[in-house]
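Please open the model in your viewer and keep the sequence panel beside it. The tour below moves from one selection to the next and says what is found at each stop.

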Amino acid sequence: MIWYGCDYNPEQWDAATVEQDVRLMAEAGVNLVTLAVFAWAELEPRPEQFELAWLDDLIGRLDDAGIAVDLATGTASTPTWLGDLDDDLGSVDRWGRRRAGGARGHHCPSSPAYQLAALRLTAALAERYANDPRVVMWHSGNEYGGPEACYCERCGAGFIVWLKRRYDDLDALNAAWGTAFWSLRLGRWEHVEPPRATSDLHNPAQVLDWNRFRSDLLLEQFTAERDLIKAVNPDARVMTNFMGLFPELDYWSWAREEDLVTDDTYPDPNDPRGAQDNALHLDLMRSLGEGKPFLVLEQAVGAVQWRDLNTPKRPGQFRLWSLQAVARGAQGVCQFQWRASVRGAETFHSAMVGHAGPTGPRWDEVVRLGAELETLDLANDERVHADVAILLDWNSSWARRAAHTPDDAAPDAELRRWHAAFFELGIPTDFVSVDSDLSGYRVLVLPSHFLVSRATAERIERFVDQGGHVVGTYLTGVVDDTQGVHAGGYPGPLGELFGVRVLEHWPLPTATASPVPGVARISGAVRAPFPGPVESHWGTLGYARFAELVEARGGDALATFVDGDLAGAPAVVARRHGAGRATYLAVSLEEESLLAVAGALAADAGVRPTVLDLPAGVEAVRRGDRLFLLNHGDEIRVVGLGTLSAADPEVTEVRVGPRDVRVVGLVPH
């Protein structure tokens with residue numbers, strides 16, 4: 001069964017509207033509703049006085065309509081009365097300013113009053129509903145880490161406790177943080193502070209550990225709520241909603257504490273790469289689950305309300321992107337929200353029922369999708385198989401963001417580009433952590449993987465030794481897990497594997513106006529750093545933004561800089577290692593060249609697209625014995641199945657309309 005549903009906020013509506021909503025949900029094919037995400041003030045209007053009769057009634061109404069419940073703990077946003085119990089309830093920004101109420105998530109996560117009240121509410125809900133078969137899953141909090149971090153004294157004290165567990169003593173902490181630099185040696189634990197606003201650049205190692213601490217601090221809240229629910233019913237399924245490549249939390253550690261993985265995904269209809277962005281979210285959630293089911297818990301039916309320009313999805317695009325989620329492994333697609341709010345901060349966010357009511361083409365699409373999903377019988381074990389994996393480690397992203405590196409590009413920029421390349425090539429891709437089993441993959445990509453420990457390097461070496469192909473890019477293997485730069489040149493412990501040593505980073509300027517030679521006699525004769533064209537056996541490679549001066553040390557140059565500042569230096573180096581191969585790219589390839597190189601490297605490793613020779617605009621994804629053909633473009637396309645065999649032998653090609661989806665049954669593997 002595919003879950004199809006929404007967030008529902010009955011506290012915003014009168015009884016007549018709620019009665020109508022339940023009837024309309026059944027009409028739309030809704031079978032799962034998330035309740036009480038922001039209902040703390042309704043559940044507990046005064047301290048320790050719980051009012052749950054309205055929730056009992058609503059769960060019963062939904063059950064009568066055949067609709068199951070995902071019950072939230074309600075702890076994502078505090079009631080106003082909680083501020084009476086803690087004068088310092090508001091979180092503190094890095095400049096020492098306490099945040100006021102009036103918005104969700106303004107509280108300090110270390111507030112004892114908040115922690116006690118949140119667990120008390122969770123316990124009350126668990127006691128009443130944890131064994132209720134109508135509640136099929138539990139939703140702890142909401143979008144943890146979304147509000148900005150708190151830098152108050154209480155969080156600072158918690159940071160010290162966390163550091164003591166990690167380093168045992170101050171000498172180890174001073175060594176890890178490199179406090180000999182700038183005379184920053186810590187003489188007492190009390191000298192440790194969060195990385196608040198200060199006079200100059202922060203200590204990168206301090207910031208790295210602060211990010212680790214904050215992820216763990218919020219995870220402790222999640223697991224505390226989870227454990228209260230499971231104390232009543234060990235089989236209860238508990239999760240919280242993720243936000244794609246959200247930079248603040250280590251989702252690998254979070255996902256392993258959950259019973260299923262869920263995500264909020266909001267690709268921009270104004271962006272031609274929206275489907276690409278959605279695919280990244282979906283592949284990441286499937287990967288984080290490591291075999292667990294995953295759901296899209298939030299997406300928009302039409303427009304959102306938080307972009308500068310909130311254009312709705314085009315006709316058919318809501319269904320298209322929903323089925324893209326199912327194709328890539330989702331066991332459900334849910335929307336924020338059921339009925340569009342008429343007051344509050346999200347008034348103009350679209351919903352399954354808009355302000356005009358259940359009418360028009362948007363409502364027709366909602367009903368059509370519900371009926372269609374009901375006919376799709378996909379078991380959890382019908383998964384998407386991928387031969388390519390991309391290494392993703394939040395520690396590496398934090399390290400690069402904290403390190404004041406040679407460029408200010410987003411730490412995940414190269415990761416996104418490589419995933420996008422395989423998406424455009426039609427090659428399925430997983431994400432893996434530094435602890436994941438790599439044995440099922442043929443290609444492993446390290447996209448600017450800044451932090452590489454010796455243990456991670458050894459795992460990658462074993463992967464290559466056993467026949468895998470690893471691809472590393474510029475800014476890989478620069479620091480270790482305490483933010484210390486690897487001695488002897490980058491990529492540190494991966495240098496021998498790649499057969500390369502990086503001598504110098506060359507971040508490159510974007511094009512700027514040049515001085516007029518006739519006027520600026522000296523400056524007009526000077527040009528910006530120019531490594532030179534890159535020639536390879538793939539042809540001339542276009543690159544931009546970043547290059548490196550490297551020397552081959554046992555590896556073979558597959559591409560070389562010519563006629564520039566780095567003339568003669570290798571730009572791409574490959575080396576055989578055991579039964580596999582390692583390739584290092586010392587440039588940030590432009591899109592056309594990246595597609596060519598990624599496709600060639602995949603082919604060398606025996607990896608092919610799901611369907612060969614796909615027409616423009618069409619995405620093909622195989623999940624089990626079903627082939628999903630999704631046409632993201634504006635023209636009708638005819639797709640030949642090539643080497644795939646349809647369950648119906650008469651089917652050898654499929655016609656797919658604009659922003660349409662066709663699902664083809666295949667002969668089992």
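Contact here means heavy atoms within 4.5 Å. The model is a predicted one, in which local features need pLDDT of at least 70 and side-chain atom pairs count only at pLDDT 80 or more, while totals for chains, interfaces and linings use all residues. Residues are numbered from 1 along each chain as its sequence is written, and side-chain values use heavy atoms, with hydrogens and water left out.

Begin by selecting His469, which lies in strand β13, a strand being a DSSP run of E with at least two residues and a helix one of H or I with at least four, numbered from the N terminus. His469 is buried, at a relative accessible area of 4%, where buried means under 20%, exposed over 50% and partly exposed in between, with a 1.4 Å probe and protein chains only. Leaving aside residues up to four places away in sequence, His469 touches, among others, Arg442, Phe463, Thr583 and Leu601.

Next, select helix α17 (residues 591–604), whose 14 residues reach 20 Å from the first C-alpha to the last. Its buried residues include Leu594, Val597 and Leu601, and the elements that cover the buried residues of α17 include α14 (413–425), β13 and β21.

Finally, select β14, β17 and β21, which form, in the order β14-β17-β21, an open sheet with antiparallel pairing, two strands counting as paired if DSSP finds at least two bridges between them. β14 (500–507) and β21 (587–589) are at the edges with a single partner strand each, so one side of each has no neighbour in the sheet.

Definitions and conventions: The expected span of a helix is 1.5 Å times one less than its number of residues.
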